[in-house]
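Good morning, and thank you for coming. Please look at the sequence and the structure while I speak.

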Amino acid sequence: MIRLECINKKLVMSGYSSIKILEKGSFVTCFTAVSSDNEKVVLIVSDNIQELQTRFDLARKLEDIEGVQKLCGLQKLEIQDSALEQLEAEYPGIFSKDSHVLTGRYYATQYNDHVRQLSLPQKLDFFRELLVLVKQVHDRGVYHMDLKPSNIMVQDGKPVLIDFGQSVTEAEVDSVLNTSAYAPKHDVYSCNVIPEKFDIYCLGNMLHEIYTGQPLGYPMTPSSRQAQQIKQTFGLFAQNIISQMTQRIQDLRISLQISINHPIFIYNQPMDSETCQLIIVDYYFQTQGEELIEECHKFTLNDSSYSNVSYDILPFSQSSSRTSSITTSLKDIFGNTTLSHVDSCSFSIYEDSQIMQ
Ligand SMILES: Nc1ncnc2c1ncn2[C@@H]1O[C@H](COP(=O)(O)OP(=O)(O)O)[C@@H](O)[C@H]1O
Ligand SMILES: [Mg+2]
């Protein structure tokens with residue numbers, strides 16, 4: 001129990017000073033405060049003990065993962081009847097006899113504010129870190145189920161997941177209530193939600209927002225106008241990963257591990273010629289398939305996956321016969337904006353049969 005009062009319109013709670021309201025949500029209200037050891041903390045208040053308990057238990061379970069919000073205690077608030085009246089006048093609809101408080105670390109930077117000031121390659125690096133973080137959480141059997149910019153904070157340039165209020169720990173769940181702008185509504189309406197794929201869809205929306213400024217809000221089909229526009233401006237890889245992550249059918253939706261290894265994040269780094277070759281092999285591997293986009297979930301960058309590729313790569317200087325088609329292809333892959341990254345890498349691609357001749 002921790003006593004809460006309202007004195008001179010100010011919230012007074014033992015052990016904390018400067019308590020100020022931060023955000024009033026539908027389930028919880030967040031306050032900032034300064035703790036007795038002079039640290040800024042967040043106080044999450046709700047009378048839904050179940051919701052707070054879920055958040056607390058999951059924070060405990062995942063406490064060794066750096067990018068998961070640190071929560072340190074869950075307590076019942078002790079509020080006298082007279083205090084409740086004053087609280088209701090100053091902070092309507094927040095406190096009740098059942099109010100509980102969850103205490104946690106405060107993070108000063110929000111996802112949107114951080115991402116806004118990054119260049120596109122930096123945004124993609126940061127987004128990949130977010131994917132790796134979500135994968136770490138999934139590997140522990142926890143699925144967030146409400147991934148969106150307002151539930152991601154930033155600490156020392158790294159993403160931090162907050163708000164595990166809707167998380168699940170089952171591999172499949174019967175019903176999910178989340179219908180945020182980032183959530184897959186068609187999954188929600190189906191009987192079985194696959195939690196891993198649910199999180200991936202939300203992340204796909206966030207990636208779309210990185211490129212265009214808005215979440216997509218529905219699955220991206222490769223032939224749609226939006227998909228074609230993304231391909232023209234940002235390249236095939238950008239179009240491919242977004243449409244794979246927001247694939248309507250959960251079973252076909254790309255996995256997190258394959259998203260993490262997608263070439264979009266590799267070519268984003270300064271490239272050596274070997275990496276560049278792998279990307280181009282990948283591209284050719286894909287374009288040889290009849291269904292260019294649907295087959296793309298085979299993107300991986302380990303050598304074994306190329307065992308049945310019937311193309312080899314030679315440095316450009318050895319022949320110039322296919323220069324123009326390669327240049328067009330690079331534009332296809334990398335789009336208008338990032339082509340400069342690969343200026344110094346030119347390759348010619350030959351079929352095996354031609355090399356043998
Ligand atoms: N630890 C924290 N540090 C900084 N801001 C926070 C923290 N926890 C929550 N917030 C802010 O409060 C908002 C609402 O909190 P959240 O836990 O997401 O609850 P809900 O979305 O259920 O209302 C967040 O979007 C964020 O802006
Ligand atoms: Mg939230």
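I begin with the classes of residue: Ala, Val, Leu, Ile, Met, Phe, Trp, Tyr, Cys and Pro count as nonpolar, Asp, Glu, Lys and Arg as charged, and the others, Gly among them, as polar. This is a predicted model, in which local features need pLDDT of at least 70 and side-chain atom pairs count only at pLDDT 80 or more, while totals for chains, interfaces and linings use all residues. Residues are numbered from 1 along each chain as its sequence is written, and chains are lettered from A and ligands numbered from 1 in the order in which they are written.

Let us turn to the ligand. Which classes make up the shell around ligand 1? The shell has 9 nonpolar, 7 polar and 3 charged residues. In total, 19 residues surround ligand 1, and the closest are E23, G25, V42, S150 and D163; a residue is near when its C-beta atom, placed from the backbone, lies within 6 Å. Strands β3 (16–24) and β7 (100–105) each supply at least two residues of this shell. Strands (E, at least two residues) and helices (H or I, at least four) are DSSP runs, numbered from the N terminus.

Next, a sheet. Three strands form an open sheet in the order β8-β9-β10, with antiparallel pairing; two strands pair if DSSP finds at least two bridges between them. At the edges are β8 (109–110) and β10 (158–161), each of which pairs on one side only. Between β8 and β9 (residues 152–155) there are 2 bridges, and T109 stands opposite V154 in β9.

Finally, two helices. Helix α8 (residues 236–245) is mostly covered, with 10 of its 10 residues buried. Buried means that 20 or more other C-beta atoms lie within 10 Å of the residue's own; exposed means 12 or fewer, and partly exposed is in between, with C-beta atoms placed from the backbone. The axes of α7 (residues 225–234) and α8 come within 6 Å and cross at roughly 145°. Axes are lines fitted to C-alpha atoms, for helices over the stretch in contact, and angles run from 0 to 180 degrees between N-to-C directions. By class, this contact has 6 nonpolar, 2 polar and 1 charged residues. In the whole protein chain of 357 residues, 36% count as buried.
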